[in-house]
Amino acid sequence: MNIEEIFDGVFLMDDHLATLSIDQKKQVYGEKLIEYEDGEFRLWDPRRSKLASCILKGMSTFPFKKNSNILYLGASAGTTPSHLSDICCNGRIYCVEFAPVMMRELVDVCKTRHNLLPILDDATKPLNYLHLVECVDIIYSDVAQSKQTELFLENIKLFADEDTICIIMIKARSIDVTKNPNTIFKEEEHKLKESGMKILEKIKLDPYEKDHIAFICKKSF
């Protein structure tokens with residue numbers, strides 16, 4: 001088996017992405033577990049995680065480190081947060097999720113992962129959790145709604161400093177099903193730039209996710 005560490009905590013195992021589990025013998029979303037020496041790898045499915053698809057599409061700005069603190073907007077049932085839990089094993093991941101059904105699944109994941117902190121709240125109202133979340137190293141947003149860029153920017157105002165890397169996954173069809181996705185991507189990029197964000201990378205996620213793009217950015221001064 002060929003194993004290569006391509007980013008801190010991210011491994012390529014015979015063309016499959018994987019992370020080294022901090023919660024061995026437990027699956028989160030039915031992923032394959034592979035024992036290796038004294039540890040256990042979890043295969044990371046790019047069709048279930050937009051961050052994994054970003055990496056396979058050539059992402060070069062990978063800010064996640066062992067001690068990174070992350071604000072994750074739209075954590076859902078915890079698929080991608082669980083892999084970030086492996087990667088950022090000494091950090092904290094504040095997982096904001098609005099849907100109670102998804103939150104119940106997320107809480108189960110958090111029970112055995114000490115660095116995942118579930119927050120049942122609305123990402124469009126970041127003042128609600130201002131008392132719970134510190135200024136973070138990374139803001140990661142995967143909230144599929146029409147105002148997804150606007151809510152991303154509101155959270156950046158409260159929880160980002162000049163060094164914070166901000167990542168948003170834009171789903172064009174959630175913004176406007178009548179427009180060409182490329183037009184929407186340009187419009188959302190313009191919103192980011194107009195709000196003082198510097199675009200570091202933009203990555204389309206096909207064939208893993210249709211009509212999606214990732215913007216990786218930070219505040220410009």
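## Two helices packed together

The crossing of helices α4 and α6 is right-handed. This is a predicted model. Helix α4 covers residues 148-159 and helix α6 covers residues 181-194. Their axes lie 10 Å apart, and the packing angle is about 20°. Angles under 35 degrees count as roughly parallel, so α4 is roughly parallel to α6.

Which residues in α4 and α6 meet? From α4 come Thr-149, Glu-150, Phe-152 and Leu-153. From α6 come Glu-188, Lys-191 and Leu-192. By type, the residues of this contact divide into 3 nonpolar, 1 polar and 3 charged.

## Salt bridges around Asp-86

Side chains of opposite charge can pair when their charged atoms come close. A search of the whole structure turns up 16 salt bridges. One of them joins Arg-42 to Asp-86, with the closest N and O atoms 2.7 Å apart. Arg-42 sits in strand β5 (residues 39-43), while Asp-86 sits in helix α2 (residues 79-87). The two parts are 44 residues apart in sequence, so the pair ties together separate stretches of the chain. Arg-42 and Asp-86 are both buried.

Asp-86 also forms a salt bridge with Arg-113, again at 2.7 Å from N to O. This pair links distant parts of the chain as well. Arg-113 lies in the loop between α3 (100-110) and β8 (116-120), 27 residues from Asp-86. Both Asp-86 and Arg-113 are buried.

Another salt bridge joins the side chains of Glu-187 and Lys-179, at 2.9 Å from N to O. Are these two residues buried or partly exposed? Glu-187 counts as partly exposed because its relative accessibility is 30%. Lys-179 is partly exposed too, with a relative accessible area of 32%. Elsewhere, salt bridges that share partners join Glu-31, Arg-42, Asp-86 and Arg-113 into one network.

## Helix α2 and its cover

How many residues of α2 are buried? The count is 9 of 9, so the helix is mostly covered, with buried meaning under 20% relative accessible area. The buried residues include Thr-79, Thr-80, Pro-81, Ser-82 and His-83. Leu-84, Ser-85, Asp-86 and Ile-87 are also among them.

Val-109 belongs to helix α3. Its relative accessible area is 11%, so Val-109 is buried. Val-109 and Met-197 are 88 residues apart along the chain, and their C-alpha atoms are separated by 33 Å.

Ser-141 lies in strand β9 (residues 138-141). It is buried, because its relative accessibility is 1%. Leaving aside neighbours within four places in sequence, Ser-141 is in contact with Leu-73, Leu-151 and Phe-152, among others. Its contacts also include Ile-167, Ile-168 and Met-169.

Cys-135 is in the loop between β8 and β9. At 40% relative accessibility, Cys-135 counts as partly exposed. Beyond neighbours within four places in sequence, Cys-135 is in contact with Phe-159, Ala-160 and Asp-161. Cys-135 and Ser-220 are 85 residues apart along the chain, with 17 Å between their C-alpha atoms.

## Backbone details in the loops

Which residues does a cis peptide bond join? They are Asp-206 and Pro-207, with omega at about 5°. Pro-207 lies in the loop between β11 (197-204) and β12 (212-219).

Lys-25 is not a glycine, yet its phi is positive, at about 75°. Lys-25 is in the loop between β3 (16-20) and β4 (33-36). With 57% relative accessibility, Lys-25 counts as exposed. Ser-76 has a positive phi too, near 55°. Ser-76 is in the loop between β6 (69-73) and α2. Its relative accessible area is 31%, so Ser-76 is partly exposed.

Methods:
Residues are numbered from 1 along each chain as its sequence is written. This is a predicted model: local features need pLDDT of at least 70, side-chain atom pairs count only at pLDDT 80 or more; totals for chains, interfaces and linings use all residues. Side-chain values use heavy atoms; hydrogens and water are left out. A salt bridge is a side-chain nitrogen of Lys or Arg within 4 Å of a carboxyl oxygen of Asp or Glu. Helices (H or I, at least four residues) and strands (E, at least two) are DSSP runs, numbered from the N terminus. Buried means under 20% relative accessible area, exposed over 50%, partly exposed in between (1.4 Å probe, protein chains only). Axes are lines fitted to C-alpha atoms, for helices over the stretch in contact, and angles run from 0 to 180 degrees between N-to-C directions. Angles under 35 degrees count as roughly parallel, over 145 as roughly antiparallel, 65 to 115 as roughly perpendicular and the rest as oblique. A crossing is left-handed if the near helix is turned anticlockwise from the far one by less than a right angle, and right-handed if clockwise. Contact means heavy atoms within 4.5 Å. Ala, Val, Leu, Ile, Met, Phe, Trp, Tyr, Cys and Pro count as nonpolar, Asp, Glu, Lys and Arg as charged, and the others, Gly among them, as polar.
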